[in-house]
Amino acid sequence: MTPASTPASSPAPAHTHEIPGSAAWSAPVRAGRTLTLTALADGANATVLIIGADRLDRLNIPDTLKSQMSARIKPGMVLMSDRGLALATVMTSSLDWHDCLTGALPDQLLLLELAKHGFGEADLHACINFFSKVSVADDPRASLTYIPDHANAGDTVTLRADQDLLIFVSTAPHALSDGPAASIALQLETPDPAEDPAPDPELCEEAIRALRLTRELIA
Amino acid sequence: MTITSTTVALDTVVEAGDGALVTVPSGGRLRIVDLHGNQAVDTLFYDAHDLENRYSAFDTIREQRAVFLTTGSRLVSTRLDELAVITDDTCGRHDTVGGACSQESNVIRYGEFTRHQHACRQTFLRYGAKAGIGQRQLTHNVNFFMNVPVTSTGGLTFEDGLSAPGKYVEITASRDLFVLISNCPQVNNPCNGWDPTPIQLLGRW
């Protein structure tokens, strides 16, 4: 029997789940695991909050955006925390625009999920609305327009946890959408320790610095 | 009861890199004057009777269907309660996407040499402590007078300000508020014209 096939070096089993529309889910995601979200219908939305390993350091959208000179979330970006650490890396996605400028309506979905882990309203930091797009006009106020059906059934995004995380997902429709709620499939996987880890995607200097610091300090 | 007095209740200068915690009663008007021009003023708003009912940058953006803040912008909380309204603005537009600088985010953006430079989060924590505002209560702020263009292609940059000496913005409180201010000390980008300067706070209530 080769070492690669012994139980000790086998990857942890994958976890799959389908979140129905207008529902919420949360789970710990250990450093190194990947979370793949898949839209199961056109116009799907997955609102995501992330809290870091110390249960205080949260996803910070402004710092994520200004460090990487972007007003949207796309593959090849590191999602950064309040304290300048890498929480997760957007490894791949079939879409190059995920909204992060328009938040989510106050509802009980995320609040109840946060409460299960001991969190509350104070932790309602800015979220990412995966699979949604709100376009920005080049006018004096940078006016916003929701783009219906930006995502189609089958669109995906894969995040790699860069430290131990708590990830919260709500499938409520985007706050500016008048379409129906859609289901989201998720798959949590552990890389096979017998194989080389997937390389980082192409990243900017700031993202590389955040990943390096995180690996040096806590991961 | 909404106060309509025009009595000057507050007239103070916040030095470059310093901060302030101001209690503004419902109906009170707080004017922030950019004394020397191009000075980012990082500002957070809290319901003075319930810290969890606090400013939400991205709910504010969504509710007004526009990224930049100016006269008429309603500053709303995560519960969508109106905390304040921008009732006067001689600058023209203000940012609420760019957040505050911190020692840790400076390291990511500019390098290790910035780790011990003064930063807005230090000021928020220092002045916020008096009202029970700690790290967990901090959220994404308004950057008055700061110019952060967001483009139709999804880009974002920090640029030289649109403000000038004497430009001001005025907010009117829709309920009793704590207004937590950091007069930004950042010297590594053009948000303060590379040179942080004092601001004036003028309160009428």
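How do the residues of the lining of the largest cavity divide into nonpolar, polar and charged? In this predicted model, that lining comprises five nonpolar, eight polar and four charged residues. The briefing below covers the cavities, the pockets, one histidine and one hairpin.

**Cavities**

- The structure holds three cavities of 30 Å³ or more.
- The largest cavity has a volume of about 180 Å³.
- Its lining consists of 17 residues, and those nearest the centre are N60(A), D82(A), A100(B), R121(B) and T139(B).
- By class, the lining of the second largest cavity holds six nonpolar, four polar and three charged residues.

**Pockets**

- The largest pocket contains about 390 Å³ of space.
- Seventeen residues line the largest pocket, and G32(A), R160(A), P191(A), P197(A) and A198(A) lie nearest its centre.
- Seven of the residues that line the largest pocket are nonpolar, three are polar and seven are charged.
- The second largest pocket contains about 290 Å³ of space.
- Its lining has 22 residues, and the closest to the centre are A104(A), L105(A), L124(A), D59(B) and T78(B).
- Helix α2 (108-116) of chain A and helix α1 (57-64) of chain B each supply at least two residues of the lining of the second largest pocket.
- That lining is made up of 11 nonpolar, seven polar and four charged residues.

**The histidine H140(B)**

- H140(B) sits in the loop between α3 (120-128) and β8 (142-144) of chain B.
- H140(B) counts as buried because its relative accessible area is 4%, and the cut-off for buried is under 20%.
- The side chain of H140(B) comes to 3.0 Å from the backbone nitrogen of A126(A).
- Beyond its neighbours within four places in sequence, H140(B) is in contact with N60(A), I61(A), P62(A), H125(A) and A126(A) in chain A, and with L44(B), Y55(B), A57(B) and F58(B) in chain B.

**A hairpin in chain B**

- Strands β4 (residues 41-47) and β5 (residues 50-54) of chain B pair in the antiparallel sense over two bridges.
- These strands, β4(B) and β5(B), form a hairpin with two residues between them.
- D47(B) has D50(B), in β5(B), as its bridge partner.

Notes:
Residues numbered from 1 in each chain as written. Chains lettered and ligands numbered in written order. Predicted model: local features only at pLDDT ≥ 70, side-chain atom pairs only at ≥ 80, totals over all residues. Heavy atoms only, no water. Pairing = 2+ DSSP bridges. Helix = DSSP H or I, 4+ residues; strand = E, 2+ residues; numbered from the N terminus. 1 Å grid on protein atoms, 1.4 Å probe; cavity = no way out; pocket = protein on both sides within 12 Å on 5 of 7 lines; lining within 4 Å. Points joined across faces, edges and corners; volume = space filled by probe spheres on them. Nonpolar A, V, L, I, M, F, W, Y, C, P; charged D, E, K, R; others polar. Buried < 20%, exposed > 50% of the residue type's maximum accessible area, 1.4 Å probe, protein only. Polar contact = N/O pair within 3.5 Å; in protein donor to acceptor, adjacent residues only side chain to side chain. Contact = heavy atoms within 4.5 Å.
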